[in-house]
Amino acid sequence: YFSYQWSSWTRKGASPQQWRAMVDCGLEIAQLNGWDPGKVFVWVDIFSMPQEHTFLRALALNSMYNYVKAADAFVAVCPPGVHQHTGKTLDRYSFQTRVRCKAEVIARCGAHGLREIYIYDDMGLNEAPL
């Protein structure tokens, strides 16, 4: 399960740096766990939730915590960046201030404790209690 901050109000999904981080850390987590990368499935909001249909998107938002709990690993994807419209820094510290991000971490910890929680930032991939 990849959790990240959107870096734009008009461009949906992850920034190019965040996509690269997802690929890199997904491969690294697969290797750490002895998983075949070709058989690993990932959850990324832009692909896993309806984006245009308001009612279906609300249903998906209300159920996404079940996906957080079901995932074998949780990754906070926080490479350094800047929000396109606000100019604010995006990093592991700004990630921790977002309500949705906090709710995802709480859901994960409630189901699994601190097991298999990773953070990917300017230091690379590390196991990290957030």
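Where in the protein is Glu 116 found? Glu 116 sits in the loop between helix 5 (99-112) and strand 5, and we will come back to it below. A quick word on the ground rules: this is a predicted model, where local features need pLDDT of at least 70, side-chain atom pairs count only at pLDDT 80 or more, and totals for chains, interfaces and linings use all residues. Residues are numbered from 1 along each chain as its sequence is written, and side-chain values use heavy atoms, with hydrogens and water left out.

**Overall fold and dimensions**

- The protein has five helices and six strands, where helices (H or I, at least four residues) and strands (E, at least two) are DSSP runs numbered from the N terminus.
- Following the sequence, these elements come in the pattern β-α-α-α-β-β-β-α-α-β-β.
- The radius of gyration of the protein is 14 Å, which agrees with the value near 14 Å for a compact globule of 130 residues; it is taken over C-alpha atoms, and the globule rule is 2.2 Å times the number of residues to the power 0.38.
- Along the principal axes, the C-alpha trace spans about 40 × 30 × 30 Å.

**Surface, contacts and charge**

- Of the 130 residues, 39% count as buried (buried is under 20% relative accessible area, exposed is over 50%, and partly exposed is in between, with a 1.4 Å probe and protein chains only).
- Among contacts (heavy atoms within 4.5 Å) with a separation of 6 or more, 69% join residues 24 or more positions apart.
- There are 13 positive and 12 negative side chains, with the centres of the two sets 8 Å apart. Lys and Arg count as positive and Asp and Glu as negative, while His and the chain ends are not counted; the place of each charge is NZ of Lys, CZ of Arg, CG of Asp or CD of Glu.

**Cysteines**

- The structure holds zero disulfides, a disulfide being a pair of cysteine sulfur atoms within 2.5 Å.
- For Cys 25, the closest cysteine sulfur is that of Cys 78 at 9.9 Å, which is too far for a bond. Cys 25 is buried, at 0% relative accessibility.
- Cys 78 is in no disulfide either, with the sulfur of Cys 101 its nearest at 7.4 Å. Cys 78 is buried too, with a relative accessible area of 2%.

**Residues to look at**

- Tyr 4 lies in the loop between strand 1 (2-3) and helix 1 (16-33), and is buried at a relative accessible area of 1%. Leaving out residues up to four places away in sequence, Tyr 4 touches a list of residues including Met 22, Val 44, Ile 46, Phe 95 and Cys 101.
- Glu 116 has a positive phi of about 60 degrees although it is not a glycine. Its relative accessible area is 16%, so Glu 116 counts as buried.
- Met 123 is in the loop between strand 5 (117-121) and strand 6 (124-127), and is exposed at 66% relative accessibility. Its C-alpha lies 20 Å from that of Cys 101, 22 residues apart in sequence.
- Arg 57 belongs to helix 3 (residues 54-70) and is partly exposed, with a relative accessible area of 28%. Arg 57 and Leu 125 are 68 residues apart in sequence and 30 Å apart from C-alpha to C-alpha.
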